[in-house]
Amino acid sequence: MTGKRILLIIGGGIAAYKACELIRLLRKRGHTVRCVLTAGGAHFVTPMTLAALSEQPVHTSLWELKDEIEMGHIELSRQADLVVVCPATADLLAKMAAGIADDLATTLLLATDKPVLAVPAMNVRMWLHATTRRNVETLRGDGVTVMAPDEGAMACGEFGPGRLPEPEAIVGAIETALTPSPFVLSDIEGRAANAAPATGTSTSLSANGGLIGKHVLVTAGPTHEPIDPVRYIANRSSGKQGFAIAAALAVRGARVTLVAGPVALATPPGVDRVDVETAREMAAAVDAALPADAAVLVAAVADWHVEAAGLKIKKAGAPPALALVENPDILATLSHSPRRPRLVVGFAAETNDVVAHAQAKLARKGCDWIVANDVSGARGQSVMGGADNAIHLVTADGVETWPTLPKIEVAERLADRIADALTEPA
Ligand SMILES: Cc1cc2nc3c(=O)[nH]c(=O)nc-3n(C[C@H](O)[C@H](O)[C@H](O)COP(=O)(O)O)c2cc1C
């Protein structure tokens, strides 16, 4: 990745000197860095140092007439691809969480329509203080990416979490924040991350802020139901459609909790992932993730589990009879829960009478939409594990049949529909 524009806000922490190294590394990778220095930050590094390293003007005041005429402060925050706060002091995190805009840095942070990455650094007690914990939680809920600080010996002589991560790690986080989920796209489209995009497929997720401030819960993948410590019952779900939906929701600004069954997929940037194995674990993880504004239950959850044996079943005599026990119905439970998300979307994988079964499922489960797909294809051509999906969106208003699309495009369309539904008056 190269040629991105980064607005770097440097707060008043002892780690401010590391921002100098960060600028150097980012420029070496071809990015442009423009610095904003807080009054606190100016006690630790000088505008001259930052200007020399960035070869750009450095901005320090909201009230600088010359700066304001040359480029209004709102424009400064909008011209960037990413706003990075490094070091993010406890004070800056608190102001960001509260929406305080009393200097150039905080005003830019409130005015920006670009993604924000905060890299905290502070004394361990400040980091662990209930107020800072609350502020970080609020910011993450608002769609700000807050890096976890490193743990170790601190300048103040204490030990614990609070150190600024190494500049190389920050560069990695910056480039991840600037990358539109390449692994999901490549995985879904079946090609290497840096290969040329296949003709006719979408190459990047389209970012917009339609879901900022919303929490969306997504489940994806299969479940594994143990028979004994080495064997399990599974299904052919790959998790690709659910992961693509999680990625598409995240780039629209949602806070996404992705409850994933056993799959070989990387986590989309900005998504909180909870790995589970069985349907019962998935049900518990879904419950623990509430409250949410919407839930999209894509996972192919096993209907039954086995009373698993504690030891490996030995091959001796007649084959063992497996007694199947019904699993919790996650979709129906969530749809009837007192903590029901405003929008509950279920998926239905059917091999025949797809729409009729989906309509019956919508009524039976009590959800708002069913995304139905035909999984009857032969192995290798099936939707399960494949790159494309042809779906019917079944709602109380009727049935929409979408053309066959790459899973990422199904995800994009569905994420847009979810954003529309959540912004309609309740
Ligand atoms: C020597 C010294 C080191 C400091 N280091 C930090 C720090 O690492 N992290 C932090 O959050 N605050 C630190 N502070 C406190 C901040 O400088 C103070 O809260 C200031 O108001 C932050 O301003 P700003 O958030 O506008 O940059 C330090 C203060 C001093 C005097």
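Predicted model: local features only at pLDDT ≥ 70, side-chain atom pairs only at ≥ 80, totals over all residues.
At what angle do helix H1 (residues 16–28) and H9 pack, and how far apart are their axes?

**View 1. Packing of helix H1 against helix H9.** The two helices pack at an angle of about 55°, and their axes are 9 Å apart. Angles under 35 degrees count as roughly parallel and those from 65 to 115 as roughly perpendicular, so H1 is oblique to H9. The crossing of H1 and H9 is right-handed. On the H1 side, the contact is formed by Lys-18, Glu-21, Leu-22, Leu-25 and Leu-26; on the H9 side, Pro-167, Glu-168, Ile-170 and Val-171 take part. By residue class, this contact of H1 with H9 comprises 6 nonpolar, no polar and 3 charged residues.

**View 2. Packing of helix H1 against helix H2 (residues 47–54).** Here the angle is about 15°, with the axes of H1 and H2 9 Å apart. H1 is therefore roughly parallel to H2. The crossing of H1 and H2 is right-handed. Cys-20, Ile-23 and Arg-24 of H1 meet Thr-49, Leu-50, Leu-53 and Ser-54 of H2. The residues of the contact of H1 with H2 divide into 4 nonpolar, 2 polar and 1 charged.

**View 3. Packing of helix H5 against helix H8.** H5 and H8 pack at an angle of about 50°, and their axes are 9 Å apart. This angle makes H5 oblique to H8. The crossing of H5 and H8 is left-handed. H5 contributes Ala-90, Leu-93, Ala-94, Met-96 and Ala-97 to the contact, while H8 contributes Thr-131, Thr-132, Asn-135, Val-136, Thr-138 and Leu-139. The residues of the contact of H5 with H8 comprise 7 nonpolar, 4 polar and no charged.

**View 4. The shell around the ligand.** Of the 15 residues around the ligand, Gly-12, Gly-13, Thr-38, Gly-40 and Thr-89 come nearest. Helix H5 (residues 90–98) supplies the largest share of the shell, 3 residues. The shell around the ligand divides into 7 nonpolar, 7 polar and 1 charged residues.

View 5. Pro-87 belongs to strand E4 (residues 82–88). Pro-291 is situated in the loop between helix H12 (279–289) and strand E14 (294–297).

**View 6. The contact between domain 1 and domain 2.** The chain is divided into domain 1 (5–178) and domain 2 (182–423). Their C-alpha centres lie 36 Å apart. At the contact, 8 residues of domain 1 meet 8 residues of domain 2. Helix H8 (130–141) and helix H9 (167–178) each provide at least two residues of the side of domain 1 that touches domain 2. That side of domain 1 consists of 1 nonpolar, 4 polar and 3 charged residues.

Notes: Residues numbered from 1 in each chain as written. Domains from an automatic or database assignment. Contact = placed C-beta atoms within 7 Å. Helix = DSSP H or I, 4+ residues; strand = E, 2+ residues; numbered from the N terminus. Nonpolar A, V, L, I, M, F, W, Y, C, P; charged D, E, K, R; others polar. Near = placed C-beta within 6 Å. Axes fitted to C-alpha atoms, helices over the stretch in contact; angles between N-to-C directions. Parallel < 35°, antiparallel > 145°, perpendicular 65-115°, else oblique. Left-handed = near helix turned anticlockwise from the far one by under 90°.
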